[in-house]
Amino acid sequence: MKTKEYMAYSLIDLMKTKDFETITIKEITKNAHVNRSTYYRNFKSKEDILKFQLRKITEEYINKFESVEEKTEKNHISTLLNTYNEHREFFLTIQESKQLYILQQVYLDYLQDNIHITSSKEELYKLYHNIGGVYNFIICWIENGMDENLEELTELYLNIISDKEKGQLYSSLST
């Protein structure tokens with residue numbers, strides 16, 4: 001296992017018993033069996049450690065989705081939910097520590113680094129809008145304990161986007 005991974009697992013382990021804000025670099029490095037200089041060579045903050053771990057999970061999801069034969073919305077959300085479910089303990093730990101906002105930063109970083117929209121400004125806004133919807137759907141799932149059946153949750157997501165396309169998404173907001 002690589003040094004960065006040791007530190008990520010160390011922080012996550014500490015987050016299970018301590019408030020995120022009170023965890024020290026000394027505790028992270030001691031728990032990971034590395035010295036402080038190794039920490040500072042790899043990370044600038046505890047948040048960077050979480051971003052590192054979230055990027056790894058994002059790359060895992062992308063690799064799995066790339067290997068899926070049919071690139072449908074159903075396979076997309078199903079692959080995402082299954083990958084995140086495999087890391088359930090991590091997501092519930094960062095949720096409990098009030099650090100889920102870092103997931104949005106990782107999504108946006110990924111977009112900026114990997115998605116190149118050249119067709120129009122409208123396409124860029126659509127992409128950000130769609131990523132925001134997926135992000136908030138995932139946040140709701142995590143905040144509710146990630147207990148739903150993944151097949152049912154996939155169907156719920158598909159129904160939501162279908163309602164949006166039909167203009168029915170905001171019908172519950174009307175008076």
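**A close look at one side chain and its surroundings**

Modeller: Trp141 touches Leu81, Tyr84, Asn85, Met146, Asp147, Glu148, Leu150 and Leu153, leaving out residues up to four places away in sequence. Touching, or contact, means heavy atoms within 4.5 Å. The model is predicted, so to speak of a local feature here requires a pLDDT of at least 70 and side-chain atom pairs count only at pLDDT 80 or more, while totals for chains, interfaces and linings use all residues. Residues are numbered from 1 along each chain as its sequence is written, and side-chain values use heavy atoms, with hydrogens and water left out.

Trp141 belongs to the largest nonpolar core, which has 46 residues. Such a core is a set of buried Ala, Val, Leu, Ile, Met, Phe, Trp, Tyr and Cys residues joined through side-chain atoms within 4.5 Å. Buried means under 20% relative accessible area, exposed means over 50%, and partly exposed lies in between, all with a 1.4 Å probe and protein chains only. Together with Tyr84, Phe91, Leu103 and Ile138, Trp141 is among the members that touch the most others. At least two residues of this core come from each of α1, α2, α4, α5, α6 (88–96), α7 (101–114), α8 and α9 (150–165). Helix α4 gives the largest share, eight residues.

Those labels refer to helices. Helices (H or I, at least four residues) and strands (E, at least two) are DSSP runs, numbered from the N terminus. The protein chain has nine helices and zero strands. Of its 175 residues, 37% count as buried. Its C-alpha trace spans about 55 × 35 × 35 Å along the principal axes. Among contacts between residues at least 6 apart in sequence, 62% join residues at least 24 apart.

Helix α1 (residues 3–15) packs against helix α2 (residues 25–32) at an angle of about 115°, and the two axes are 8 Å apart. The axes are lines fitted to C-alpha atoms, for helices over the stretch in contact, and angles run from 0 to 180 degrees between N-to-C directions. The crossing of α1 and α2 is right-handed. A crossing is left-handed if the near helix is turned anticlockwise from the far one by less than a right angle, and right-handed if clockwise. From α1 the contact uses Tyr6, Met7, Ser10, Leu11, Asp13 and Leu14, and from α2 it uses Glu27, Ile28, Asn31 and Ala32. By class, the contact of α1 with α2 has six nonpolar, two polar and two charged residues. Here Ala, Val, Leu, Ile, Met, Phe, Trp, Tyr, Cys and Pro count as nonpolar, Asp, Glu, Lys and Arg as charged, and the others, Gly among them, as polar.

Ala32 sits in helix α2. With a relative accessible area of 6%, Ala32 is buried. Beyond its neighbours within four places in sequence, Ala32 is in contact with Tyr6, Met7 and Ser10. Ala32 and Tyr6 are 26 residues apart in sequence, but their C-alpha atoms are 5.3 Å apart in space. Met7 also touches Thr38, as does Thr3, not counting residues up to four places away from Thr38 in sequence. Thr38 lies in helix α3 (residues 36–42), and Thr38 counts as buried because its relative accessibility is 10%.

Now the charged side chains. A salt bridge is a side-chain nitrogen of Lys or Arg within 4 Å of a carboxyl oxygen of Asp or Glu. A search of the whole structure finds nine of them. Lys18 and Glu27 form one, at 2.5 Å from N to O. Lys18 counts as partly exposed, at 27% relative accessibility, and Glu27 is partly exposed too, at 25%.

Glu86 and Lys64 form another, at 2.6 Å from N to O. This pair links distant parts of the chain, with Glu86 in helix α5 (residues 73–86) and Lys64 in helix α4 (residues 46–66), 22 residues apart. At 52% relative accessibility Glu86 counts as exposed, whereas Lys64, at 28%, counts as partly exposed.

About one helical turn separates them because they are four residues apart in helix α8 (residues 121–143). Lys126 is partly exposed, at 40% relative accessibility. Finally, salt bridges that share partners join Glu60, Lys64 and Glu86 into one network.
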